[in-house]
Amino acid sequence: MQPEFARVQASFERQGMMRHLGARLLRVEQGLCELALPYSDKVTQQQDGFHGGAMGALADIAGGYAGLTVAPEGMEVVTAEYKINFFNSFQGGELRATGRVLKAGRRIIVTAAEVVHIDADGQERACAMLQQTLVPVPKTY
């Protein structure tokens, strides 16, 4: 197992909200993290599509964990801000969010995360795009 994957997995398993929603960690590489979120009644809005809050949370976590892969040992990251554009909401299938580090500095890390919907036939369609600023903080657990 890659050290980046083990580091992210240990932190991801502490994410109560992601556990509650059924999110899964799919891939971790230096500067990259991919997550999946299955469709369920826990993640829908009033018209039965994926809720923007669920998309935003998934994108925030994917970008955050991409950032964690470049943060110094003994540190975690927290989100200072993010901006998200929503393109579409779908029913069924699952969401995939892929976060990538755009710029890693000592005091801030800037990432982007793309959210796509994958239907039962494997067709991918864009849902949202996020850009965020992360701040490394000491790990407290």
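The sulfur of C127 lies 17 Å from the closest cysteine sulfur, that of C33, which is too far for a bond, a disulfide being defined as a pair of cysteine sulfur atoms within 2.5 Å. The model is a predicted one, in which local features need pLDDT of at least 70 and side-chain atom pairs count only at pLDDT 80 or more, while totals for chains, interfaces and linings use all residues. Residues are numbered from 1 along each chain as its sequence is written, and side-chain values use heavy atoms, with hydrogens and water left out.

**Cysteines**

- A search of the whole structure finds zero disulfides, and C33, whose nearest cysteine sulfur is that of C127 at 17 Å, is in no disulfide.
- C127 counts as buried at 0% relative accessibility, where buried means under 20% relative accessible area, exposed means over 50%, and partly exposed lies in between (1.4 Å probe, protein chains only).
- C33 is likewise buried, with a relative accessible area of 0%.

**Strand pairing**

- Strand 1 (residues 24-29) and strand 2 pair in the antiparallel sense over five bridges; strands pair if DSSP finds at least two bridges between them, and the elements themselves are DSSP runs numbered from the N terminus, with helices (H or I) of at least four residues and strands (E) of at least two.
- C33, in strand 2, is the bridge partner of V28.
- The hairpin of strand 1 and strand 2 has two residues between the strands, and within this hairpin G31 takes a positive phi near 80 degrees.

**Aromatic pairs and a charge over a ring**

- The structure holds two aromatic pairs, a pair being counted when ring centres of Phe, Tyr and Trp (its six-membered ring) lie within 6.5 Å, with planes under 30 degrees apart taken as stacked, over 60 as edge-to-face and the rest as tilted.
- F12 and Y65 form an edge-to-face pair, with 6.2 Å centre to centre and 70 degrees between the planes; this pair links distant parts of the chain, since F12 belongs to helix 1 (residues 3-12) and Y65 to helix 3 (residues 52-68), 53 residues apart.
- F12 counts as buried at 10% relative accessibility, and Y65 is buried with a relative accessible area of 5%.
- Y39 and F50 also form an edge-to-face pair, at 5.3 Å centre to centre and 75 degrees between the planes; both residues are in the loop between strand 2 (32-38) and helix 3, 11 residues apart.
- Y39 counts as partly exposed at 27% relative accessibility, whereas F50 is buried with a relative accessible area of 1%.
- R14 lies over the face of Y141, at 3.8 Å from the ring centre, a charge being placed over a ring if NZ of Lys or CZ of Arg is within 6 Å of the ring centre and within 35 degrees of the ring normal.

**Largest pocket**

- The largest pocket is lined by 16 residues, of which S11, Q15, Y65, E76 and V77 lie nearest its centre; on a 1 Å grid over the protein atoms alone, a pocket is an open set of points where a 1.4 Å probe fits, with protein on both sides within 12 Å along at least five of seven lines, and lining residues have an atom within 4 Å of a point.
- Helix 3, strand 3 (75-86) and strand 6 (124-138) each supply at least two residues of this lining.

**Backbone of D48**

- D48, a residue other than glycine, has a positive phi near 70 degrees; D48 is found in the loop between strand 2 and helix 3 and counts as partly exposed at 44% relative accessibility.
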